[in-house]
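Colleague: I would like to go through this model with you, from the whole chain down to single residues. Could you take my questions in turn?

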Amino acid sequence: MAELPKHYDPKAIEEKWYTWWLEHNSFHSDASRGGAPYCIVIPPPNVTGILHMGHALNNTIQDVLTRWQRMCGRNAVWVPGTDHAGIATQNVVERALKKEGQGRRDLGREKFVERVWQWRQEYGGTIIRQLKKLGSSCDWQREHFTMDADLSDAVAEVFVRLYNKGLIYRGKYIINWCPRCQTALSDEESEHKDTAGKLYHLRYPVSGVPGRTHVVVATTRPETMLGDTAVAVHPNDDRYRDLRAGGKVTLPLLNRELKVIADDYVDPKFGTGVVKVTPAHDPNDFAMGQRHSLPSIDVMTDDGQMGSEAGPYAGMDRFACRKKILADLAAAGLIEKIEDHQHAVGHCYRCHTVVEPRLSPQWFVRMKPLAAPALTAVVEGRIKFTPDRWTKVYTEWMENIRDWCISRQIWWGHRIPVFYCDACGHQWAAKGQPKTCAKCDAANIRQDEDVLDTWFSSWLWPFSVFGWPQQNADLKFYYPTHTLVTASEILFFWVARMVMAGCEFMGGIPFREVYIHGTVRDDVGRKMSKSLGNSIDPVQIIEKYSADALRFSLIMLTATGQDVYVNEEKFEIGRNFGTKIWNAARFMQMQAAGSTGELWTPASAAPLSSDDQHILAKLNECIAACDDNLAKFRFNDYAKTIYEFMWHQFCDWYVEYSKQVFYSDDAARKATVLGVMHHCLSSALRLLHPLMPFLTEELWRGMGYNTASETILTAPWPKAATTALWDAAVVAHVEARHELIGLGRTLRADNGIAPGQKVDFVIKPVSAAVVPRLEADRVNVMTLLKAGNLTVDAAFAPTQAMPSTLTPLGTLYMSLGVVDVAAEHEKLTKQLAEVDRNLAGVQAKLSNENFVGRAPAAVVETQRKLLAELTEKRTKLAHLMELLQG
């Protein structure tokens, strides 16, 4: 057993052990190994992506689960891969081309796609390398890319099956259109953001109705009025009976006559009760247009310019057109009023451009038939969501699901496998590249120009990564997978669709559990973003603190399903914890000379002291709690459990007690204590391994624990003892002793006793029953309290004022005889004056209504906490002065 270096250096071990794991195929498994399967499929990050804190949290959780189950003896596989990210990747390559003075159409489709593949080859592996740096134990031999040949085959297979089943169709409907990306978006890809806009009330001229010169309609998008083909009122709105009877409404600026229709969609209580109808640019207007056979006039081009139907406004940008239209309407006296209006505006989820609702021919999937079995699977409990609140969100979305727009007007992605024959007009779907028409055998055929939505490949991920539609042993063994770990943002994009795909194509659910974690935010609650400048780069954190520190700190801060609030300093938690464990291991190595250095086992014959029994009981509690917390996805409680055991129970208490033994001449006792310490450390390292894989691997080998299992990666997970190896009463006494020492230390601190200064204590025991154990514990208690003397006296009655505190074992008194009363009084007086000054300042702030009302909530809360702290400090100082005066 080589001596551990004096200082813990994560950089020296992380790359070393990850390389070793890869070289020894430590993360790989397959069906031939047998055992109980456990499988996680990674939410494939975009090939354009780089690691952010959300990725770090998501993948650390997956790694914790995979490493835990692997150590529990299951045949665990974590399948990695990346998503081709159609729109995002095409945008990246187009920007690169723009710098070269070119566009994709200059290259043509084939050459452009080749260029994207080149980009992917050169830059697409960045996030995979970063995931490895994080310590992810993915089965890298199974790494997939959604544009791989086998996954592309699965995409084509699914499309053809759904097409032939009548569940894929082409139709002309209102869709979300991104003028920047120049493609359709699904409803889920159009992110609605609350926007401070305007509501424009416009006058549309009326003729043929005595006494009525105009009607007023309201819109947030005046430029779309150029596509109006009607105005609508409610059928029972008597105010406009005359208008419906024969009035004529004219579209301002273009002087087009508009039809007057009556429709139940119109709310007579909203505004004037008259709405403009633009069937080509609004989904509700489109539905009215269908009911009333209205023409649909698209007034925009693909890039957000005004088209030929816009008359004199043709060629203008849509927002420039808005300004011009408003100016022209104002000049004509046709603006009734303009109001501030807060409303939700759709934005492209990739480039954040304002989305344009627009009539367009697209491909759709009929979702209701697919949603029914996927909804049933969750309702019946075959798939469980954690936290459970997401079950309701999922079911409500499924119950109200709309058809999915799956076509995109870009070049990078899976091209829609639909073919057209120009000779006979036949249309069909097929895998591969047919050379002739399936109906007339003509050769002049062409393929649809659009590509599929990226999510159309991702929804097949749990089974396409195992080679579906081909049947094989791994697909049969690992499907359905076990746990899906994801964020709420892709519950509808991905999770729900995977359930539908699994039920449709595999005949069953794709996973059994879905854990939805929160969002990583900064310490004042803002979502991290480049624009706010509050992003924390996980790679930089790894370089500064270590991957283990990043992983441990993130998980310790992660309450089940709640958002995570971080700043850079919080990663010191993990770094300091690693250092604490390292130092404890080095201390143990230093005590090994002259002892057996063997692990203690239940079969060991040596008698156990009260402290031995207590630490073994605490270890048992720790193992049971880790099991329970991991099984229930309480990851922060899992981290806190092992932290509490290692930092406090093991290092702060047991290691400190052990020093008295190691400084003695009792070789047998030394051997027992060291054996118990090794038993505890080897167990704790295994419990900690899923969270801090690098440190635990280094210490597993460095401490010589690798005789049974070469790598901790496959070492058996500790099991809680079913039979107690300790006396519960003894354990309870040690707990009480710990509390006594803790309260004694607080007594010292509250009375300003310097850390190195020894003072005398007296314990007035709570009963005669505890006296023998208190006497037996005298040396340990004195050492940890830094007491000059410790007296156990059941009849003690202080003759002068003495600081005291109640403990489970009795009242603990501390002598002030060593204190220079005059000097201490002067010091306390100064401290009290300073506290009073600070207290007055805080009270003044909090009594100021302007401060409380206008300052950020976090700032106000900080001042309130400071008020409580200062008030408590003042009370303690006043109490100390009373004691001194006594």
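Colleague: Among contacts in the chain between residues at least 6 apart in sequence, what percentage join residues at least 24 apart?

Modeller: A word on the basis comes before the value: this is a predicted model, in which local features need pLDDT of at least 70 and side-chain atom pairs count only at pLDDT 80 or more, while totals for chains, interfaces and linings use all residues. Residues are numbered from 1 along each chain as its sequence is written, and side-chain values use heavy atoms, with hydrogens and water left out. Contact is taken as heavy atoms within 4.5 Å. Among contacts between residues at least 6 apart in sequence, the share that joins residues at least 24 apart is 77%.

Colleague: What percentage of the residues of the chain count as buried?

Modeller: The C-alpha atoms fill a box of roughly 110 × 70 × 55 Å along the principal axes, and the secondary structure comes to 29 helices and 29 strands, where helices (H or I, at least four residues) and strands (E, at least two) are DSSP runs numbered from the N terminus. Buried stands for under 20% relative accessible area, exposed for over 50% and partly exposed for what lies in between, with a 1.4 Å probe and protein chains only. Of the 886 residues of the chain, the buried share is 53%.

Colleague: How far does helix H24 reach from its first C-alpha to its last?

Modeller: Helix H24 covers residues 728-750, which is 23 residues, and the expected span of a helix is 1.5 Å times one less than its number of residues. For H24 the expected value is 33 Å, and the span in the model is close to that, at 33 Å.

Colleague: Which residue has a side-chain oxygen that reaches to within 2.8 Å of the backbone nitrogen of alanine 729?

Modeller: The place to look is the start of H24, where this approach to alanine 729 is found. Among the buried residues of the helix are Val730, Val731, His733 and Arg737, and just after H24 glycine 752 takes a positive phi of about 70 degrees. The side-chain oxygen at the start of H24 belongs to aspartate 727.

Colleague: Are the helices H11 and H12 roughly parallel or roughly antiparallel?

Modeller: The axes of H11 (residues 368-379) and H12 (residues 389-399) come within 9 Å and cross at roughly 155 degrees, with axes being lines fitted to C-alpha atoms, for helices over the stretch in contact, and angles running from 0 to 180 degrees between N-to-C directions. Angles under 35 degrees count as roughly parallel, over 145 as roughly antiparallel, 65 to 115 as roughly perpendicular and the rest as oblique. The crossing angle therefore makes the arrangement of H11 and H12 roughly antiparallel.

Colleague: Which residues of H12 make the contact with H11?

Modeller: On the side of H11, the contact is made by Lys368, Ala371, Ala374, Leu375, Val378 and Val379. These face residues of H12, namely Thr391, Tyr394, Thr395, Met398 and Glu399.

Colleague: Which residue is joined to proline 480 by a cis peptide bond?

Modeller: Most residues other than glycine have a negative phi, and most peptide bonds are trans. Proline 480 is placed in the loop between H15 and strand E22 (483-487), and its cis bond, with omega near 0 degrees, comes from tyrosine 479.

Colleague: Is serine 546, which has a positive phi, buried or exposed?

Modeller: Serine 546 has a phi of about 110 degrees although it is not a glycine, and it lies in the loop between H17 (538-545) and H18 (547-556). Asparagine 25 also has a positive phi, near 50 degrees, and is partly exposed with a relative accessible area of 42%. For serine 546 the relative accessibility is 2%, so it counts as buried.

Colleague: What distance separates the C-alpha atoms of glutamate 191 and leucine 674?

Modeller: Glutamate 191 lies in strand E7 (residues 190-207) and counts as partly exposed at 32% relative accessibility. Leaving aside neighbours within four places in sequence, glutamate 191 is in contact with Val345, Gly346, His347 and Tyr349. Leucine 674 is 483 residues apart from glutamate 191 along the chain, and their C-alpha atoms are separated by 60 Å.

Notes:
A polar contact is a pair of N or O atoms within 3.5 Å; within protein, one must be able to donate a hydrogen and the other to accept it, and residues adjacent in sequence count only if both atoms are side-chain atoms.
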